[in-house]
Amino acid sequence: MGKIILTGDRPTGRLHIGHYVGSLRRRVQLQNSGEFEKIFIMEADAQALTDNADNPGKIRENIFQVALDYLSAGLDPEKSTIFIQSQVPELTELSFYYMNLVTVARVQRNPTVKTEIKMRNFEANIPVGFFTYPISQAADITAFKATTVPVGEDQAPMIEQTLEIVRRFNNIYGPTLVEPKILLPENQACMRLPGIDGKAKMSKSLGNCIYLSEDPKELAQKVRSMYTDPGHIHVEDPGKIEGNVVFTYLDAFCDDAHVNAMFPEYAGLQEMKDHYRRGGLGDMKVKKLLLSVLEETLAPIRARRQELQKDLGYVYEVLRQGSEKAREEAAKTLDQVRHSMRIDYFADRSLIEEQKQIFG
Ligand code: TRP
């Protein structure tokens with residue numbers, strides 16, 4: 001059996017460069033590696049609705065934003081099936097069966113869910129759908145028989161939960177589902193890119209993002225205002241690298257060749273960091289490098305996005321056809337699941353024979 005990828009994002013806003021280094025860039029590499037038999041990239045709108053029930057307009061609006069981010073970053077619909085979760089109702093049915101294999105206490109222990117509940121002040125009012133989303137995520141993954149799930153580390157508890165469901169299902173009903181493996185970003189700096197204000201995570205609600213579609217002027221402005229080392233006041237002061245967002249971003253985006261091309265006095269990033277630590281290297285100079293690296297990364301993405309925005313009919317077709325294809329795939333798995341659970345009553349007429357035995 002070939003390797004299969006499934007991954008996705010909640011369409012609650014445009015994607016930012018944290019998404020890019022944490023997952024999107026990797027997906028494009030994996031897509032082009034030729035190592036995978038099938039690749040499914042999902043816009044998790046149903047999951048997004050679990051904490052946005054009163055604002056479906058926001059999700060609807062962002063379906064295209066995220067699709068444009070995907071396509072402009074290099075996902076190719078010829079190689080990757082891009083689809084919308086809610087358009088594959090088979091996922092809901094799978095979730096419903098999986099819910100019986102998980103206890104409430106188990107979901108309560110999920111650290112990502114715990115953090116999200118706190119962040120949303122849901123403590124006393126958790127929507128049931130939100131609470132169960134790790135189970136629906138297991139349905140997303142298993143419906144496509146995914147072997148490989150490239151995600152950020154915050155998603156590790158979801159993969160753990162999926163593994164438990166798969167094992168329990170196969171144990172009770174016989175081997176049916178495939179155990180997936182998580183694929184984390186390679187580079188530590190890419191694991192969880194901080195916001196430009198130095199806060200733990202880049203997030204729209206904190207207003208500390210750089211978007212994939214950021215225009216050059218805004219980008220320059222954001223890099224200029226970026227958090228560095230507050231103790232590094234004069235150029236000659238020794239500076240800190242740890243917690244210095246500019247260096248964290250350089251770790252995620254910049255290679256030694258780039259450093260050397262711009263500043264030949266350094267062989268690579270390490271020498272530049274050493275100089276900063278010693279003192280004598282100003283923030284402006286480091287930011288200049290970062291801006292050039294970011295602009296080099298984002299310029300082609302921005303250009304493709306501008307082209308795609310002129311042909312929204314194409315984007316619509318990508319999503320429509322992708323959703324159709326995904327649905328066919330999920331339906332096959334659902335048939336196997338029903339068969340394993342022996343709830344495929346009308347698949348053949350064997351139920352009549354079984355009943356004859358009982359009723360004589
Ligand atoms: N939870 C993911 C996020 O918040 C989105 C998602 C939904 C997902 N289902 C998935 C990711 C299945 C990987 C696999 O971004």
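**Reading a ligand site and a helix pair**

Mentor: A polar side-chain atom of Asp140 lies 2.8 Å from a nitrogen atom of the ligand, a polar contact being a pair of N or O atoms within 3.5 Å. This is a predicted model, in which local features need pLDDT of at least 70 and side-chain atom pairs count only at pLDDT 80 or more, while totals for chains, interfaces and linings use all residues. Residues are numbered from 1 along each chain as its sequence is written, and side-chain values use heavy atoms, with hydrogens and water left out.

Trainee: Which residues around the ligand come nearest?

Mentor: A residue is near a molecule if one of its heavy atoms lies within 4 Å of it. Here 14 residues are around the ligand, and Arg10, Gln47, Gln137, Asp140 and Gln155 come nearest. An N or O atom in the side chain of Gln47 is 2.8 Å from a nitrogen atom of the ligand, and for a polar side-chain atom of Gln137 the distance to a ligand nitrogen atom is 3.1 Å.

Trainee: At what angle do helix H11 and helix H15 pack?

Mentor: Helices are DSSP runs of H or I with at least four residues, numbered from the N terminus; axes are lines fitted to C-alpha atoms over the stretch in contact, and angles run from 0 to 180 degrees between N-to-C directions. Helix H11 (residues 216–224) and helix H15 (residues 283–309) pack at about 150°, with their axes 10 Å apart. H11 is therefore roughly antiparallel to H15, a term for angles over 145 degrees.

Trainee: Which residues of H11 meet H15?

Mentor: Contact means heavy atoms within 4.5 Å, and in H11 these residues are Pro216, Leu219, Ala220, Val223 and Arg224.

Terms used. Polar contact = N/O pair within 3.5 Å; in protein donor to acceptor, adjacent residues only side chain to side chain. Helix = DSSP H or I, 4+ residues; strand = E, 2+ residues; numbered from the N terminus. Parallel < 35°, antiparallel > 145°, perpendicular 65-115°, else oblique.
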